[in-house]
Amino acid sequence: MNGEHEHFAGQEEPWDERTPGVLRLPSGRLVRGRGLRHDLDPSAQTPSYGVYLLGEQPSATPWASRWLRWPDFRLPADREEARSVLTDAWARAAAERVELACAGGRGRTGTALACLAVLDGVPADEAVAYVRTHYDRHAVETPWQKRYVRHFTPPL
């Protein structure tokens, strides 16, 4: 193998935790949050799967991705779809490099990361604080985003 995309026991090389935006969930899963307004460093690892939280459909990516309609400063347009997409992203993060991103990388991205933290076992009323401590102190920008996380539950 050339070392660039080595796979270990059926998994790809994980995110480098020193990379800006990488969040370690309590289970050890690593996910990257990012703002799409900021160009990706050409030397940075690329995701194998991305979830893009935007009001309008994003540009195509060279990796597998999913668009979740989520207008800026708001909540997901379809809450059931959001629950399904975020649950899938959390599951994929066990073996893939998963990225969640919105335009700025704080409000919608922080909210989605907090939902992943809930899926990972963080109590819903502590998930925003967890993401603010381990990802970005300004994550989850609005009262309704905080409330969304407090009431977020895994799919049945």
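Is Cys 102 buried or exposed? In this predicted model, Cys 102 is buried, with a relative accessible area of 2%, where buried means under 20% relative accessible area, exposed over 50% and partly exposed in between, for a 1.4 Å probe and protein chains only.

## Basis and confidence

Residues are numbered from 1 along each chain as its sequence is written, and side-chain values use heavy atoms, with hydrogens and water left out. Because the model is predicted, local features need pLDDT of at least 70 and side-chain atom pairs count only at pLDDT 80 or more, whereas totals for chains, interfaces and linings use all residues.

The mean pLDDT (the predictor's confidence in each residue, from 0 to 100) is 91 for the protein, and 93% of its residues reach 70 or more. Over residues 1-9, however, pLDDT stays under 50, and the model has 10 contacts beyond four places in sequence for this stretch, a contact being heavy atoms within 4.5 Å. Where pLDDT is low, the predicted coordinates should not be read in detail.

## Overall architecture

The protein comes to 4 helices and 7 strands, which are DSSP runs numbered from the N terminus (helices H or I, at least four residues; strands E, at least two). From the N terminus on, the elements run β-β-β-β-β-β-α-β-α-α-α. The radius of gyration, taken over C-alpha atoms, is 15 Å, close to the 15 Å that the globule rule gives for 156 residues, so the protein is as compact as a globular protein of that length; the rule is 2.2 Å times the number of residues to the power 0.38.

Of the 156 residues, 44% count as buried, and among contacts between residues at least 6 apart in sequence, 60% join residues at least 24 apart.

An open sheet of 5 strands has the order β3-β4-β7-β5-β6, with mixed pairing, two strands being paired if DSSP finds at least two bridges between them. Its edge strands, β3 (22-24) and β6 (64-69), each pair on one side only. Strand β3 runs antiparallel to β4 (residues 30-35), to which 3 bridges join it, and Leu 23 stands opposite Val 31 in β4.

Helix α1 (residues 79-92) packs on the sheet, where it touches β5 (49-54), β6 and β7 (98-102), and its direction makes about 150° with that of β6; axes are lines fitted to C-alpha atoms, for helices over the stretch in contact, and angles run from 0 to 180 degrees between N-to-C directions.

## Cysteines

The structure holds 0 disulfides, a disulfide being a pair of cysteine sulfur atoms within 2.5 Å. The sulfur of Cys 115 is 13 Å from the closest cysteine sulfur, in Cys 102, too far for a bond. Cys 115 is also buried, with a relative accessible area of 0%.
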